[in-house]
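Keep the structure open while reading.

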Amino acid sequence: MRIAFLYEHPTWSDQLLLVLQRRIPGIVPVNVAELRFDTDANSCEFSVAINRINIMPSADRLPQVVFQTQHYLNWLEQSGARVINGSRAHAIGSSKAMQNGVFSSLNLAYPNGIAIYRQEDAMDAAKQIGYPVIIKPNIGGSGSGIGLYENRSELEQAVKFKALDLGVDRTGIVQQYIRSDGFVYRVEVLGDALFYSIKQPLVAGEFNYCAADGCSTDEPKQVVNVEQPAREGGDLDFRRINGAGGIQTHNPAPTILNNVIRIIKASGADFGGVEYFMDTDTGQPCYYDFNPYSNFVSDGEKLLGFSPEQRFADFVCRILNIDC
Ligand SMILES: Nc1ncnc2c1ncn2[C@@H]1O[C@H](COP(=O)(O)OP(=O)(O)O)[C@@H](O)[C@H]1O
Ligand SMILES: [Mg+2]
C-alpha cells in the first residue's frame, strides 16, 4: 500500500509529517503548493492519500492552488485511490453554501443564508434575511473576506464600490448575523470520537479565529500574547496575529458532539472540525462552519495534555488497519 500525505502549509504540517514518517515508513509527502501531476490514471502511484489541505487563500499563495487541489483529489479518486477526507469533504469545506445545506439537512440550526455571485444581489438577499448581515466568500478561511453590514446604507455603499470580497471564485453567501454568548466554539473529531474542543472569546470586529500560528491571510499584526502579557519595554509575542487569544479547552455537551459527528459524516469527511455559536436569541447551538482539515491548536500538547500529532497518527493507522 503506497500512501500519500497531502499538505500545503509547512508550519502546520512539519510536526505531523515527522510523526507520520516515523510511524508509516515510506509515506510520501505531496505539497500541493507545487502540485503537477501526470493525468494518466495508470500513473497514480497511491492507493491511499491522507488529505490535510487547507485551501484557505493567503497573500503568498496563488489562488489557483485551490482549484488544482480539487482537480487532484477528484483525479486520485477517479484513479482508484482511497482519499481520507476526499473530494466531497473538500468541496463542502470550500462552500459555505453547501455547509448550510448540510446543517439544514440534519435539522440543525444555522445562520440563514443566500448564495450570491453578483455584488448587487447582496441587497435583495440582505433585505430577505434582515439586518445586520454577514457576507463571506464561499472559499474563505481565517476570516478572510468577511464583512458585517449593520444596515442598508452600509451595504449599499459597499455594493456601489464593488467592495464585497467574494473570494477566489467570486461567489459567496449573505448570512443572518448571530448574536451569541461571546465565544466561538470549535469541536474537532477523528471519526466517531472527540479529538479536542476549544472555545475562544469573540473580539469585536475580528473574524479570524484560526487557532494555529501563522494563519493570518493579511499583513501580520503585532499583538501581545494574552496568556503571558508583555513585560514593560519589550517581549512582544508575534505569534498571536489573529483573534485567537484566550483559547481554552471545553467539553461539548454530548448532543453537540453527536451533531458534530453527524456533520462530519454527512460531509463525507473522516475527520474535521465544526464551529458553532451559542445563539442567545434561541438558547441553542447554531452551527456555521465546517473545516475538513485540522490545523491543530497551537501548543497542542501543552493545552490538550496529549500530542495531537500522535493521536492523529493513531487514527490514521486505525482506519487504514495497519500496525504503526
Ligand atoms: N453568521 C454569523 N454571525 C455572526 N458572526 C459570524 C457569522 N459568521 C461568521 N461570524 C464570525 O466570523 C468568524 C469566521 O467565520 P467562518 O464562517 O468561520 O469563516 P472562516 O471560514 O473564514 O473561518 C466566526 O468565527 C465568527 O466570529
Ligand atoms: Mg471558521
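## Contacts with the ligand

This is a predicted model. Start with the polar contacts of ligand 1. An oxygen atom of ligand 1 lies 3.0 Å from a polar backbone atom of Gly141. Lys136 uses its side chain: a polar atom there is 2.6 Å from an oxygen atom of ligand 1. Ile178 uses its backbone: an N or O atom there sits 2.9 Å from a nitrogen atom of ligand 1. On its own, ligand 1 would expose 550 Å². The protein buries 94% of that area.

## The shell around the ligand

Which residues come nearest to ligand 1? They are Lys96, Lys136, Gly143, Gln176 and Tyr288, out of 21 residues around the ligand. By class, the shell holds eleven nonpolar, six polar and four charged residues.

## Where the ligand sits

Why does ligand 1 lie between domain 1 and domain 2? Both domains give residues to the shell around ligand 1, so the ligand lies between them. Domain 1 covers 93–108 and 180–320. Domain 2 covers 113–176.

## Two backbone points to check

Is the peptide bond from Tyr131 to Pro132 cis or trans? The bond is cis, and its omega is near -5°. Pro132 belongs to the loop that runs between α5 (121–129) and β6.

Now turn to Asn107. Its phi is near 60°. That is a positive value in a residue other than glycine. Where is Asn107 placed? Asn107 is in the loop between α4 (96–105) and β5 (113–116).

Terms used
Residues are numbered from 1 along each chain as its sequence is written. Chains are lettered from A and ligands numbered from 1 in the order in which they are written. This is a predicted model: local features need pLDDT of at least 70, side-chain atom pairs count only at pLDDT 80 or more; totals for chains, interfaces and linings use all residues. Side-chain values use heavy atoms; hydrogens and water are left out. A residue is near a molecule or strand if one of its heavy atoms lies within 4 Å of it. A polar contact is a pair of N or O atoms within 3.5 Å; within protein, one must be able to donate a hydrogen and the other to accept it, and residues adjacent in sequence count only if both atoms are side-chain atoms. Accessible areas come from the Shrake-Rupley method with a 1.4 Å probe; for residues, only the protein chains shown count as cover. Ala, Val, Leu, Ile, Met, Phe, Trp, Tyr, Cys and Pro count as nonpolar, Asp, Glu, Lys and Arg as charged, and the others, Gly among them, as polar. Domain bounds come from an automatic or database domain assignment. Helices (H or I, at least four residues) and strands (E, at least two) are DSSP runs, numbered from the N terminus.
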